[in-house]
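Reader: Can you walk me through this one? I'd like the sheets, the helix packing and the ligand site.

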Amino acid sequence: MTARPAVSTPAATDLFAPEVVADPHPLLARLRRDDPVHWSERHRAWLLTRYDDVLAGFKDPRMSAERVTPARAHPDDDGDGPVDPVAEVLANWMVFKDPPDHPRLRRLVSTAFRPRAIARLEPVIEATVEGLLDDLGAHARSGQAVDLTSTFAGPLPAIVIAHMLGVPEGDQEQFRHWSDELTDLVFGATEVADRRERGQKALRALADYCRGLIESARRHPADNVLGSLVQAHDEGDRLSTEELISTCTLLLFGGHETTRTLIANGVAAALAASWDLAEVMTGPGAATAVEEMLRFEGPAKVEVRHAAAPVEWRGRRIEAGQRVFLAVIAANRDPEQFESPDVLDLRRDPNPHLGFGFGAHFCLGATLARVETRIALRGLLRRYPEISLAQPYGSLPWRPALISRSLLELPVILGSPGPDRHRAVGPQAGGADRWT
Ligand code: HEM
């Protein structure tokens with residue numbers, strides 16, 4: 001048993017309260033100002049909201065990332081639930097590992113994410129973007145609202161990660177479906193009643209499917225991410241088959257929902273703030289703009305840690321074993337760090353946001369996510385420079401999830417297509433070549 005922390009204002013810190021899901025920033029700003037190391041009885045976790053504290057939390061080795069074990073089938077569990085084999089898959093996710101397992105796994109998987117490997121993916125990303133935009137043509141002509149998340153922002157990263165793992169086109173739809181179910185499980189989506197059962201079933205099916213992919217990659221070595229992971233395994237006997245399976249599921253999960261969310265959240269915020277998004281995303285400032293989208297309303301809401309030992313923090317005592325939420329979303333709006341933090345400034349530079357985390361667990365897919373988002377938005381805005389929100393920003397539906405800040409839908413009116421010279425040209429453009 002650990003001592004009950006002194007400060008407790010449950011009503012004020014319910015991250016699932018509808019008004020907080022709709023807009024968490026007012027609550028987080030209050031906490032950041034008045035109670036920056038705050039105990040939430042509702043979440044049974046400490047909430048750190050200041051930039052300096054969140055950064056220090058990412059760096060502190062006493063803040064353990066190890067939060068899924070066979071006895072803790074879900075990152076939110078307290079370890080008193082039934083043992084579930086699914087936990088074995090999650091327990092091998094490097095994001096839930098501390099040294100010495102974490103650096104070992106990360107080193108092996110990193111080889112597949114070298115900048116050169118990502119650069120080789122660019123034609124695939126461009127072709128996928130153009131193909132999806134072609135499919136959107138009918139919606140544009142009808143003038144009706146279209147949901148940008150299900151038609152564009154969601155499919156793109158799923159297709160790219162499927163390509164990286166060598167998933168054949170015919171299995172893509174199923175692959176994406178598993179990823180969606182898994183998202184509800186890991187992100188703690190409260191709106192889905194049977195999310196755990198469905199998520200666990202999907203994870204089991206996905207793990208079986210990945211086992212098949214791995215066996216096939218061993219028989220026919222391919223020049224893709226899975227190929228290099230399998231090679232790292234076979235040459236040095238360093239990644240076990242179970243670790244390979246876990247890593248595949250982590251890459252699908254880590255690469256799909258987050259990138260989908262960045263694209264959707266970024267477009268929504270920029271259109272709401274009346275930026276000329278077509279000018280920004282087709283110009284030299286596109287990469288800078290993507291960083292600001294990550295800061296202003298990026299996918300990461302909180303990163304979860306457990307105190308491995310008692311920690312004194314701003315006069316509060318965090319007991320060993322207690323959960324700590326590093327509130328990235330609050331740190332990224334800290335006025336001590338960012339000028340006018342509640343203003344979306346697509347030209348903000350420098351921009352030391354924490355949207356990809358920091359330190360040992362810094363997002364392994366950051367380069368890929370940046371490239372993908374930039375290419376996606378450039379393609380979208382070239383094709384549909386007049387795109388606009390189909391409903392007010394304040395009424396958009398947000399996912400009631402603990403660790404992510406993501407739009408459930410983004411209805412937009414695409415408007416008339418831009419002039420042809422804006423279209424991507426070259427052999428990769430067009431839906432038919434998406435998989436080449
Ligand atoms: C906009 C998109 C993305 C965002 C906002 C994002 C965010 C993050 C964050 C905040 C972490 C740190 C978690 C922690 O400290 O506990 C992380 C880790 C990770 N991300 Fe991403 N991510 C994105 C895209 C991707 C993509 C495309 C991939 C791969 C395909 C990926 C793979 C990973 C992996 C493997 C880790 C674990 C790294 C480790 O534990 O060492 N992410 N991501």
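**Sheets, helices and ligand**

Author: Five strands make an open sheet with mixed pairing, in the order β1-β2-β8-β5-β3. Its edge strands, each pairing on one side only, are β1 (37–40) and β3 (63–64). Strands here are DSSP runs of E with at least two residues, helices are runs of H or I with at least four residues, and both are numbered from the N terminus. Two strands pair if DSSP finds at least two bridges between them.

Reader: Is this experimental or predicted, and how are residues counted?

Author: The model is predicted: local features need pLDDT of at least 70, side-chain atom pairs count only at pLDDT 80 or more, and totals for chains, interfaces and linings use all residues. Residues are numbered from 1 along each chain as its sequence is written.

Reader: OK. How many bridges between β5 and β8?

Author: Strand β5 (residues 303–307) pairs with strand β8 (residues 323–326) over 4 bridges, in the antiparallel sense. Opposite Val304 stands Phe325 in β8.

Reader: Which helix packs on that sheet?

Author: Helix α3 (residues 51–59) does, touching β1, β2 (45–48), β3, β5 and β8. Its direction makes about 125° with that of β8. Such angles run from 0 to 180 degrees between N-to-C directions; axes are lines fitted to C-alpha atoms, for helices over the stretch in contact. Touching is a contact, with C-beta atoms, placed from the backbone, within 7 Å.

Reader: And the three-stranded sheet, what's its order?

Author: β4-β10-β9, an open sheet with antiparallel pairing. The edges are β4 (146–147) and β9 (388–389), each pairing on one side only. Strand β10 (residues 411–413) pairs with β4 over 2 bridges, in the antiparallel sense. Val146 has Val412 in β10 as its bridge partner.

Reader: What holds strands together in a sheet, anyway?

Author: They pair through backbone hydrogen bonds, either parallel or antiparallel.

Reader: Switching to helices. How do α6 and α16 pack?

Author: Helix α6 (residues 115–142) and helix α16 (residues 366–383) pack at about 30°, with axes 9 Å apart. They are therefore roughly parallel to each other. The cut-offs: under 35 degrees is roughly parallel, over 145 roughly antiparallel, 65 to 115 roughly perpendicular, and the rest oblique. The crossing of α6 and α16 is right-handed. Right-handed here has the near helix turned clockwise from the far one by less than a right angle; anticlockwise is left-handed.

Reader: Which residues meet there?

Author: From α6, they include Ile118, Ile125, Val129 and Leu133; from α16, among them are Leu368, Val371, Ile375 and Leu380. By class, that contact has 10 nonpolar, 2 polar and 5 charged residues. Nonpolar covers Ala, Val, Leu, Ile, Met, Phe, Trp, Tyr, Cys and Pro; charged is Asp, Glu, Lys and Arg; the others, Gly among them, are polar.

Reader: What does α6 do with α8?

Author: α6 packs with helix α8 (residues 155–165) at about 140°, axes 10 Å apart. That crossing is right-handed. Leu121, Val124, Ile125, Thr128, Val129 and Leu132 of α6 contact Pro155, Leu156, Ile159, Val160 and His163 of α8.

Reader: Now the ligand. Which residues come nearest?

Author: Gly254, Gly255, Gly357, Cys363 and Gly365, out of 25 residues around the ligand. A residue counts as near if its C-beta atom, placed from the backbone, lies within 6 Å. Two elements give two or more residues to that shell: α12 (241–272) and α16. α12 has the largest share, 7 residues. The shell holds 14 nonpolar, 9 polar and 2 charged residues.

Reader: Last check. Where are the cis peptide bonds?

Author: One runs from Pro99 to Pro100, with omega near 5°. Pro100 sits in the loop between α4 (86–91) and α5 (101–110). Another joins Asp349 and Pro350, omega about 5°. Pro350 lies in the loop between α15 (328–331) and α16.

Conventions
Two residues are in contact if their C-beta atoms, placed from the backbone, lie within 7 Å.
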